[in-house]
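We will go from the core out to the pockets.

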Amino acid sequence: MNDSEDPNDEVQYHLEVGPEDLADAVLLPGNPERVDKVTALWDDHEEKAYHREYRTATGSYDGTPISVTSTGIGSPSAAIAVEELARVGADTFIRVGSCGAIQPEMDVGDLVITSGAVRQEGTSKEYVREDYPAVADHEVVSALVAAAERLGYDYHVGLTMSADSFYAGQGRPGFEGFRAAGSDSLVEELREANVKNIEMEAAALLTIANVYGLRAGAVCSVYANRVTGEFRTEGESRAAETASLAVHLLAKMDAAKRDAGVDRWHAGLSLD
């Protein structure tokens, strides 16, 4: 148990993890209960810590070291997770979550791989000016696409909007039918701008990762289509499996870079 309130202490204040507890790459689901569903796909795992909403386990997937840490709901708690995981050595982050799709052709159970995000949450504004882009790392996006293709899962790649609230901030009615200003047109405006989905963490994750020079991306299962009205909790394990395989492919990318003597993976390098 860590008694220190120093956020730079080796064992982190909120996550209660140290450098020996983690792999370089960490999956970031929101719900602590999803950790079991993620690790069930791995070769092996060991739980390392569970404090507040933050539950961490480390193991291997197809021989590649991998970790998972739950972040709770929303960008403020996700930012704490990224801060503390980075401080103990993690350098690659993939959000594994659920979302609402806002394009009519997207089905419940499909995956959305985020290429960039609309920063409608407030956490990233604590780090950098509002016109700074929230962009996913191209290696992570490439690995997620390759993983989804290999697994045969239907997926979409595009822009995500991250909100700070599940109800008012996503255009849903609040208590007793309360409607926030602009909520009636929010989904339609985003849909017309070709935004694919809405969730609550990706924009902060991508912004913070870019500020710190870390790799980050996101893959979410579609639970609801806000245009068609369809809703089912489906595809959760697909996102987890896709992200886990992506970590394995990123390790192959890193090896290919080392062999070629280059800093960035590109399509001319093999993953085999």
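This is a predicted model, and our first stop is the largest nonpolar core, which has 58 residues. Select Leu-27, Leu-85, Phe-93, Ile-94, Leu-144 and Val-219: these have the most contacts inside that core. Next, colour helix α6 (residues 236-260), which supplies the largest share of the core, 10 residues.

Now centre on Val-219. Leaving aside residues up to four places away in sequence, its contacts include Ile-94, Leu-111, Ile-113, Leu-144, Ala-239 and Ala-243. Arg-95 and Gly-97 are also among the residues Val-219 touches.

For a second, separate core, pick Ile-102, Ala-163, Val-187 and Val-195, which are among its 8 residues.

The largest pocket holds about 460 Å³ of space. Which residues lie closest to its centre? Show Arg-34, Ser-98, Cys-99, Phe-166 and Met-200 to find out; the lining has 22 residues in total. Strands β5 (92-101), β9 (195-199) and β10 (215-225) each give two or more residues to this lining, and β5 gives the most, with 5.

Finally, select residues 26-244, which UniProt lists in an unreviewed entry as "domain: Nucleoside phosphorylase". Over that range the chain is 29% helix and 32% strand, and the end C-alpha atoms are 9 Å apart.

Key
Residues numbered from 1 in each chain as written. Predicted model: local features only at pLDDT ≥ 70, side-chain atom pairs only at ≥ 80, totals over all residues. Heavy atoms only, no water. UniProt positions renumbered as here; feature names shortened; annotations may be inferred. Helix = DSSP H or I, 4+ residues; strand = E, 2+ residues; numbered from the N terminus. Core = buried A, V, L, I, M, F, W, Y, C linked by side-chain atoms within 4.5 Å. Buried < 20%, exposed > 50% of the residue type's maximum accessible area, 1.4 Å probe, protein only. Contact = heavy atoms within 4.5 Å. 1 Å grid on protein atoms, 1.4 Å probe; cavity = no way out; pocket = protein on both sides within 12 Å on 5 of 7 lines; lining within 4 Å. Points joined across faces, edges and corners; volume = space filled by probe spheres on them.
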